[in-house]
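Dear colleague,

I am handing over the structure below, and I would be glad if you looked through it before reading my notes, which follow it.

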Amino acid sequence: MTGAAVSFLVAWNVTTTLLALIVLVRQVVVTLLFHFGRRGEINRLPSDADLPRVTVIVPAHNEERVLHGCLDSLTKMDYPPDRYDVVVINDRSRDRTGAIADEFAARFPFLRVIHRPDDAAPGKPAALLDAINGSTSEILVFFDADYLPPPQIIRRLVAPFRDPQIGATMGRVVPYNANANMLTKMLDLERRGGYVVDQEVRHRMGLLPQFGGTTGAVRRSALEAVGGWNTISLAEDTDLTYRLFIAGMRVAYVASAECYEESPETWQVRYRQVKRWAIGHNDCLLRYFFATLVATKQPLIARLDAALVLLIYTVPSLVLLNLVIALSLPSYLGETWAGLSIMSLSLTIFTGIGNFAPFYQIAAGCVSDGQRRAFAAVPFLFVSSFTSLLACNAGVLQLLKDKLFGITTQWDKTQRFRGSA
Amino acid sequence: MGQDATLSRIGVRGRSVVNIVIAVVVYEVLVALAFVLCWQLVRGVDTRLPIAAAGDGGTRADYVGSAAGSRSLGLHWQVFTFLVSAAVLSAVALSTTGWLADLRSALIAAEAAAPVAIDPIFLRLALPVGHMVVLLVLYQRFRTHVLFPTIAVHLFLVVFCLLVTALDPARMFPNRLTLVPIFTTNLVLLVVTHGLLTLLFCRTRRELVGAVILAAVAGGVLALGTMVIAVVSTMTAGPLFFFQLYLVSAFGVFGLYFCVASIFLSLWVRD
C-alpha cells in the first residue's frame, strides 16, 4: 500500500469517525437537555368552535388483518362530525381490505373509500396523493392501517395549527405488541428514545421534529406552498419535513397525541422496513443537505441539527466502513500514534453508535414514562442494532446502485402480524 | 528413544489441540449462557405502555416541570457523585490493571515455559477460527431467528479479519501498544455511561453511594477485562487480531458492566 493511499485512508477514517462522534455527542446532549430541561406548557385542547375541518387518510394495501381495528377507532373520534371525514384508500389489495372498508363506508356516512385500480401507480405516496387530491379540508391527518388512534388524538394533532408557522404536526407512536418477543421489546425501547426524548427536545428547542407520515397532520396550504406531495420518494414524510423547513415553516411534535402501532415481529420484516427508510432518507440527504444548511429562514442551530439528523441513516455505513478500514491498515501503522488513534476512535464509534448511542435517550425515556424497569432490557439492544446496521448498509448500496443505473426503487410494504381477520 | 520422543511430541500436540477446542467451547458456552441468563431475567418485565391519551385524565406529556422530577438530593449532589465515580472508576481501573500486569506476565511466562511443541501460528488462529466455525453453524441454523443479523455481522468481521491476516501475517505478532485503545475506549464509554446512569437514576443518598460502589466495580471489570484481552491476545490470537479484541472489548468488558449495571439499577431503584 502506498503512502498516499494510507494517508487518504487515515484522513477519510478520521473525518468520518469525527462525524459519527458528533452524532454520539448529540445523543448525550439531547438526553441531558430532556432530562433536566423544563417541559412545555400544558397542551390545551381547542374548543369545538376553534376546530378546523379535517380529513383523515388511511392508505391500505392488503391490510385485512388490521384495517378493522383502525377504522373502528376512527369511528369513535371525539371531533365535531360536521368537520370530520375519513378517506380509506384501498390500494390494489388482493385480500378483503376493500370489502372491509366498504362495510364501514356503508355504516358511517363520513367515511368513504377510494379503490385504486391494478394499473395505478404503486406505492403509498402515490396512493396518498389520490386521497389528498380528492379532499378539500385544510388539515390532512394520516394514519397507517395498523394504527389504533385514541378518541382525542385529532384534537391534539390540530391544536398547534393555531400558529400559522406550523406546517405539520407529529404525534407519539407506541408499539402495542412490545412483549411479543425480543425484537419488539427492543423496538419499543428505540421508540421511547426517538419519540419521548429526541422529538420532544427538537420541538422544545425550536429545532426540526420529524413528520413521520402517520400519526401526524399536514396543513394543506403549506403542502401546496412547498410543491405538493412527492410520490417518487420512499420517505415522502422526510421529504416533506425538509421542504417545509427550507421554506421557513415548522413541524410541531405533540407528545400527548399517542397512538398504538404494530412493530415488526421478525428480523426480516424489520430489515426490509429499515432498508426502505434508509433508501428514502439518504435520498433526501442527497437532495436537501446543502439546502438545509443554507435555509436562512431558520436559526443556525436548527439548520445544523436538521442537517445532522439527515445523516442518521448514513452513519451506520460510515462506521462499519471505518472499522473495516481500521482493520485493513497495515500492521506497522498499529505501532504509530496515528494508527492507535484511528483504531481507538473507530472502535469507540462502532461500539458507541452501533450499540449504545441510543441507550442514553432510551434510559431517559424510560424514566420519563415512569417505567424504569423497562430499561433492564437495554443490554439486548444490539439485537435491533445489528438488524439496522445490515439494513442501513444494504439501503445505501441499493440507493447507489439505483442512482447509478437510473432505476426507480420499488415501494416495499411492511408485513402485519396481528391475528387473522 | 527417538521414536519415544516423537510419540511424546504427538501426545503433547494432541493435548494442546484438545485444550484449544475446550477453550473455544467454554468461551462460546459462557457467552451463550450469560446471554440466556440475562434474557430470562428481563423477559418477564412488562414494558408495554398504556396509551395515556385514551384515558379521561391528563397524559404523561401534559406534566410540567423537568423529567428529572423532584429529587431527594439536589442536582449538585448528583454531579458531585458523577465526578467522584469517574475518579474512583479510573483509579480502580488503572491500579488494578497495574497489579494484574504482574499476574499476566507470570501467566505468559508459564505458558512460554510449558513443553508445548505446537506451531504458535496455529495457536493464535485457533480461537478466531473456532469462533468462525461456531458462527457458521449458527448462520445456517438461525436463519429466521432474531439473532441472525448479529451472527451475520460477526461472521463478516471474522472472515474479513482472517483474510486481512492472510494478506498481512505481520499482524499475528505481539504488539503491546495495541491494548491502549482498548483500555481507553472502554474507560471513556464506562465513565460517560456511568455518569449518565447516575444522573438519570440515582436520587437518594443510598442510590448515590450505590453509584460510587458500582463505579469501583466497573473499574475492576475494566482492569480484569483488559488483562484477559492481553493474555488471550498474546497466547492465542495475536494483539493485532482486532476482531478478537473487538469482541472481548465490546461484549466482554463494557457489555458485562452494561448488563450488570442496567439490570441492577433498573430493578433496584424505584419508579
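Which residues does A:Val88 touch, not counting residues up to four places away in sequence? In this predicted model, A:Val88 touches A:Val58, A:Ala60, A:Leu71, A:Ala101, A:Leu111 and A:Val113.

A:Val88 also belongs to the largest nonpolar core, which has 168 residues, and it is listed with A:Ile57, A:Val58, A:Cys70, A:Val141 and A:Ala363 as touching the most other members. Helix H12 of chain A, residues 337-368, gives this core its largest share, namely 13 residues. As background, nonpolar side chains in soluble globular proteins tend to be buried together.

Turning to chain A as a whole, its secondary structure comes to 13 helices and seven strands. Its radius of gyration is 22 Å, close to the 22 Å that the globule rule gives for 421 residues, so chain A is as compact as a globular protein of that length. The C-alpha trace of chain A spans about 75 × 50 × 45 Å along its principal axes, and 57% of the 421 residues are buried. Of the contacts in chain A with a separation of 6 or more, 83% are between residues 24 or more positions apart.

Finally, there is a place where two chains meet. Helix H11 of chain A (residues 315-328) packs against helix H4 of chain B (residues 148-167) at an angle of about 30 degrees, with the axes 10 Å apart. Because angles under 35 degrees count as roughly parallel, H11(A) and H4(B) are described in that way, and their crossing is right-handed. The contact is made by A:Val324, A:Leu327 and A:Ser328 on H11(A), and by B:Phe160, B:Cys161 and B:Val164 on H4(B).

With best wishes

Notes:
Residues are numbered from 1 along each chain as its sequence is written. Chains are lettered from A and ligands numbered from 1 in the order in which they are written. This is a predicted model: local features need pLDDT of at least 70, side-chain atom pairs count only at pLDDT 80 or more; totals for chains, interfaces and linings use all residues. A nonpolar core is a set of buried Ala, Val, Leu, Ile, Met, Phe, Trp, Tyr and Cys residues joined through C-beta atoms within 7 Å. A residue is buried if 20 or more other C-beta atoms lie within 10 Å of its own, exposed if 12 or fewer, and partly exposed in between; C-beta atoms are placed from the backbone. Helices (H or I, at least four residues) and strands (E, at least two) are DSSP runs, numbered from the N terminus. Two residues are in contact if their C-beta atoms, placed from the backbone, lie within 7 Å. The radius of gyration is taken over C-alpha atoms; the globule rule is 2.2 Å times the number of residues to the power 0.38. Axes are lines fitted to C-alpha atoms, for helices over the stretch in contact, and angles run from 0 to 180 degrees between N-to-C directions. Angles under 35 degrees count as roughly parallel, over 145 as roughly antiparallel, 65 to 115 as roughly perpendicular and the rest as oblique. A crossing is left-handed if the near helix is turned anticlockwise from the far one by less than a right angle, and right-handed if clockwise.
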